[in-house]
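This report concerns a predicted model. Please read the text alongside the sequence and the coordinates.

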Amino acid sequence: MTKRKMTILAVLLAGQLIASTGCVLDDIEVVLTDIVDQAFGGDSPTQGSCQVCFLDVGQGDSTLILTDSAAVLIDAGEQSAAQTVLADLQQYGVETLDWIIVTHPHADHIGGFPVILEYAAGSDDLNIENVMVPSLPTSKVPTTQTYERFLDSVEENGLELTEAVSMQIDLGGASLEIIPAPGNDYSSLNDYSICAYLNCGETSFFFTGDASEPEEEDLVESGVLHQADVLKVGHHGSRESSTEAFLAEVRPSCAVISCGVDNSYGHPTDEALKRLEVYCGDQIWRTDQDGTVEITSDGKELTVETAS
């Protein structure tokens, strides 16, 4: 693994504070002093720690969140990626998944879950406590074999589905804020994606599933969005995701794109990358180029490790 450490610079934080408070130039020295105290050992102690692993599952999505006392798996890639995800869970020492979250029931996000759930049902090595799914109109509920197998494997584990609602999940060293899709009449399942903020001390992550322009627009209008240091880019970096209005609300410092090598969709697109670069510069990681991307927070700083 290679390692890159990123620290949120006091000057950047000062710029944000000045913009929000209307400080004039004479106040900058005071603002910088306050921010340096807060960011580097002043009166605001570090709270919490977490590790977020954006797993390399090819053209799909799977993200593992680890804290001092909890583990959450968001999506599990295609069925062909299930053994990779199971191996990753073993590698990270996960014996209990407090939550598995299906952002939306497309095969490249849900396909691996039946195999993982079936493994948990027949093994002492893995226990699954809760399963979250998006709230869908009846007309949008899938009838695919993959989804039916998913439902059967949930039942096999003695679990019930929890439909996403606005809620906070306590993960010990961090908290996960669930944001269900604001609308109920989208044409694509992508836009019913469950989104979520992971808040860890002074750092934050935003997860998007396959949300694209319609859901992003509704998220902006609903007022639920706020700044996040790390953005899990929506819909693998498609042309219709990471819109300007959405990024202006989230203002990420870095981004992670989950996509497959030489995928037939052309993900990530040049259009999405250019919009992301306005906020993230070169702090954009891609699983097709970097493999699994691990981002660790100690509550103040982010450390990035990649497989390449």
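The model is predicted, so local features need pLDDT of at least 70 and side-chain atom pairs count only at pLDDT 80 or more, whereas totals for chains, interfaces and linings use all residues. Residues are numbered from 1 along each chain as its sequence is written, and side-chain values use heavy atoms, with hydrogens and water left out.

An open sheet of 7 strands runs in the order β10-β11-β12-β13-β14-β15-β16 with mixed pairing; strands are DSSP runs of E with at least two residues, numbered from the N terminus, and two of them pair if DSSP finds at least two bridges between them. Its edge strands, each pairing on one side only, are β10 (167-170) and β16 (284-286). At one end of that order, β15 (residues 254-257) pairs with β16 in the parallel sense over 3 bridges, and Ile-257 stands opposite Arg-286 in β16.

A search of the whole structure finds 2 cavities of 30 Å³ or more, a cavity being a set of points on a 1 Å grid over the protein atoms alone where a 1.4 Å probe fits but cannot get out, with lining residues having an atom within 4 Å of a point. The largest has a volume of about 40 Å³, and its lining, which includes Asp-61 and Lys-232, has 2 nonpolar, 5 polar and 3 charged residues. The second largest cavity holds about 30 Å³, and its lining divides into 7 nonpolar, 1 polar and no charged residues, among them Ile-101 and Ile-178.

The count comes to 5 salt bridges, each a side-chain nitrogen of Lys or Arg within 4 Å of a carboxyl oxygen of Asp or Glu. The table lists some of these pairs.

| Pair | N to O distance |
|---|---|
| Lys-232 and Asp-61 | 2.7 Å |
| Glu-202 and Lys-300 | 3.1 Å |
| Arg-239 and Glu-271 | 3.0 Å |

Lys-232 in strand β14 (residues 230-232) and Asp-61 in the loop between β2 (50-54) and β3 (63-67) are 171 residues apart. Lys-232 is buried, at 3% relative accessible area, and Asp-61 is likewise buried at 3%, where buried means under 20%, exposed over 50% and partly exposed in between (1.4 Å probe, protein chains only). Glu-202 lies in the loop between β12 (195-200) and β13 (203-207) and Lys-300 in the loop between β17 (293-297) and β18 (302-306), so this pair ties together parts that are 98 residues apart in sequence. Here Glu-202 is partly exposed at 39%, while Lys-300 is buried at 15%.

Methods. Helix = DSSP H or I, 4+ residues; strand = E, 2+ residues; numbered from the N terminus. 1 Å grid on protein atoms, 1.4 Å probe; cavity = no way out; pocket = protein on both sides within 12 Å on 5 of 7 lines; lining within 4 Å. Points joined across faces, edges and corners; volume = space filled by probe spheres on them. Nonpolar A, V, L, I, M, F, W, Y, C, P; charged D, E, K, R; others polar.
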